[in-house]
Amino acid sequence: RNFSGVQLAGAVSPVGRVEPIPGAICLALQLQKDYQPRSLDTFPGRNSIPDGYPLTFNQTFLLFSWSLALCALFGLAAVLPPDDRGYGTHEALGLSPCGIREKIGIPCPSCGMTTSFSHFVRGHWWASFRAHAVGSVLAGLLAVQIPWSWASCWKGRLLGMDRPDVMLLQGAFWLILGMTIHWAWTIARFH
């Protein structure tokens, strides 16, 4: 059977009846039909940088709002003095101490993250890394996102990124993996 050009969620059987195609197969056929292969020249890392994913007005607004939220985050980190213990800087905001550390006696995966950001904005890179290794890397990546967000809003495209969904999933994967490794290392060092 030739399913190219499938318009409906069904296929004609040998006797002429329309039989339903399961949803996943129908979606795969439609995606295959809509797929437009690109030349190797347009892939990132090849002879050119992609133009970037085009932004709608709402997406541009959300990206600009994200950049302002990052500015507020770094502004807050600049106001908070880093705690000498290497964790607990958030307590200066009136927040309670880490519940996991208090109840179980081990640090939680994000213990030291606020302290890391607080050191980072002051230019204390090593202290930031010691407080929370993933926090210092995350702070650096988020700091770069501010001017990138503004430039992307100005151009109306996500600069250097043609697949934001893939980039977001990869970022989430590496963040979770990094936090897990850091937490295991911290617990091993803690005991």
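Surface patches are built from residues with over 30% relative accessible area and no salt bridge, and nonpolar side chains are joined within 5 Å. In this predicted model, one nonpolar surface patch covers about 440 Å². Phe173, Trp174, Leu177 and Ile181 make up this patch.

Leu177 lies in helix H7, which spans residues 164–190. Its relative accessible area is 31%, so Leu177 is partly exposed. Phe173 is also partly exposed, at 47%. Trp174 reaches 56% relative accessibility and therefore counts as exposed.

In one of them, the ring centres of Phe120 and Trp125 are 4.9 Å apart. The planes of these two rings meet at 70°, so the pair is edge-to-face; the cut-off for that class is over 60 degrees. Phe120 has 15% relative accessibility and so counts as buried, whereas Trp125, at 53%, counts as exposed. Phe173 and Trp174, both members of the nonpolar patch, form an edge-to-face pair too. Here the centre-to-centre distance is 5.1 Å and the angle between the planes is 75°.

Phe120 and Trp125 also belong to an aromatic cluster. Phe74 and Phe117 complete this cluster.

A contact between a charge and a ring was found as well. The charged end of Arg189 sits over the ring of Trp185. The distance from that charged end to the ring centre is 4.5 Å.

Definitions and conventions: Residues are numbered from 1 along each chain as its sequence is written. This is a predicted model: local features need pLDDT of at least 70, side-chain atom pairs count only at pLDDT 80 or more; totals for chains, interfaces and linings use all residues. Side-chain values use heavy atoms; hydrogens and water are left out. Patches are made of residues with over 30% relative accessible area and no salt bridge: like charges are joined within 9 Å, nonpolar side chains (Val, Leu, Ile, Met, Phe, Trp, Tyr) within 5 Å. Accessible areas come from the Shrake-Rupley method with a 1.4 Å probe; for residues, only the protein chains shown count as cover. A salt bridge is a side-chain nitrogen of Lys or Arg within 4 Å of a carboxyl oxygen of Asp or Glu. Helices (H or I, at least four residues) and strands (E, at least two) are DSSP runs, numbered from the N terminus. Buried means under 20% relative accessible area, exposed over 50%, partly exposed in between (1.4 Å probe, protein chains only). Rings of Phe, Tyr and Trp (its six-membered ring) pair if their centres lie within 6.5 Å; planes under 30 degrees apart count as stacked, over 60 as edge-to-face and the rest as tilted. A charge sits over a ring if NZ of Lys or CZ of Arg is within 6 Å of the ring centre and within 35 degrees of the ring normal.
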